[in-house]
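Please keep the sequence and the three-dimensional view at hand while reading.

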Amino acid sequence: MPSGPPSPAERGPGGEAPLSAPTGKARLAILLSGRGSNMLALAREVREGVLQGLAEIAVVFSNIPEAAGLQAAAELGYATASVDSRGRKRAEFDADVVAKLEQFRPDYIVLAGYMRILSPTFIRAFAGRILNIHPADTHQHQGLHAYEWAWENRLPETKITVHLVDEGLDTGPVLAQAPVDLRGAETLEDVERRGLAVEHRFYADILARLIRGELPKTPAPATASQ
Ligand code: GRF
């Protein structure tokens, strides 16, 4: 039977991820590797926007200890954590990250510029509760440089995609897409500026709808056989 990500309300005691916060808010672990503009946008929506009263930031995590986004999160007073991925084997590194994140009892893992492909160890630990935002239609473009791709091909439009994460590179089930009008864009910077403006609203909107149980059920991402 198709099963989408459970809303916090669906996960009671003994469920795979009991709602941990006495506040009843969904606990977010936001993962990033770089500047963190999506993390900052989500934080703003948690404080005073569509995620207010629905979600709280349990931790901001990075695989790059000196990532600018991690520093920005710490300055805002959020809990931060990091495990350096450099020189590490993927599965071993991910096992360490899972152990670290579990200390913060997250309900959702929210990838926001997290430059890692997740191993089966990671996907299984948070199955159906890992989201990513990609700056293109993931059916047309996967991986890095999505805005460059849109610019070089002079696309009149691109689609920001929020999807569940599986073991592939931007291959998980799509939750929602938002168009970005690129007509008349004159530079790559212009393309990126228009796209990020959409990303920064859209990610929080979709997350809010997911937490409220308003999104259509999506087949859970596949994991390799046990
Ligand atoms: C964003 O364009 C996001 O869609 C992609 O990586 C970029 C991260 O930017 N996955 P930021 O660190 O959130 O500013």
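## Strand pairing

Two strands are said to pair if DSSP finds at least two bridges between them. The model discussed here is a predicted one. In this model, strand S1 (residues 26-32) and strand S2 (residues 55-62) pair in the parallel sense, and seven bridges join them. Leu31, for instance, has Phe61 of S2 as its bridge partner. Strands of a sheet pair through backbone hydrogen bonds, and this pairing is either parallel or antiparallel.

## The sheet

In what order do the strands of the open sheet follow one another? The seven strands are arranged as S3-S2-S1-S4-S5-S6-S7, and the pairing is mixed. Strand S3 (80-82) and strand S7 (174-181) stand at the edges. Each of these two has a single partner strand, so one side of each is left without a neighbour in the sheet. On average, neighbouring strands of this sheet are turned by 20° against each other, direction ignored.

## Helices across the sheet

Helix H1 (residues 37-48) lies across S1, S2, strand S4 (108-111) and strand S5 (130-134). The direction of H1 is at about 160° to that of S2. Helix H2 (residues 68-75) lies across S1, S2 and S3, and runs at about 155° to S3.

A further helix, H5, comprises residues 146-152, and Glu148 is placed in it. With a relative accessibility of 28%, Glu148 counts as partly exposed, because this value falls between the 20% limit for buried and the 50% limit for exposed residues. Glu148 and Glu189 are 41 residues apart in sequence, while their C-alpha atoms are 9.4 Å apart in space.

## Surroundings of the ligand

Which residues surround the ligand? They are Arg35, Gly36, Ser37, Asn38, Gly113, Ile133, Pro135, Tyr147, Leu196 and Glu199.

Polar atoms of several of these residues can be located relative to oxygen atoms of the ligand. A polar atom in the side chain of Arg35 lies 2.4 Å from a ligand oxygen. For Gly36, a polar backbone atom is 2.9 Å from an oxygen atom of the ligand. In the case of Glu199, an N or O atom of the side chain is 2.7 Å from a ligand oxygen.

## Salt bridges

How many salt bridges does the structure hold? There are 10 of them. One joins Asp96 to Arg88, with the closest N and O atoms 2.8 Å apart. Asp96 is partly exposed at 36% relative accessibility, and Arg88 is also partly exposed, with a relative accessible area of 30%.

Asp181 forms another salt bridge, with Arg183, and here the closest N and O atoms are 2.9 Å apart.

Methods: Residues numbered from 1 in each chain as written. Predicted model: local features only at pLDDT ≥ 70, side-chain atom pairs only at ≥ 80, totals over all residues. Heavy atoms only, no water. Salt bridge = Lys/Arg side-chain N within 4 Å of Asp/Glu carboxyl O. Buried < 20%, exposed > 50% of the residue type's maximum accessible area, 1.4 Å probe, protein only. Helix = DSSP H or I, 4+ residues; strand = E, 2+ residues; numbered from the N terminus. Axes fitted to C-alpha atoms, helices over the stretch in contact; angles between N-to-C directions. Contact = heavy atoms within 4.5 Å. Near = heavy atom within 4 Å. Polar contact = N/O pair within 3.5 Å; in protein donor to acceptor, adjacent residues only side chain to side chain.
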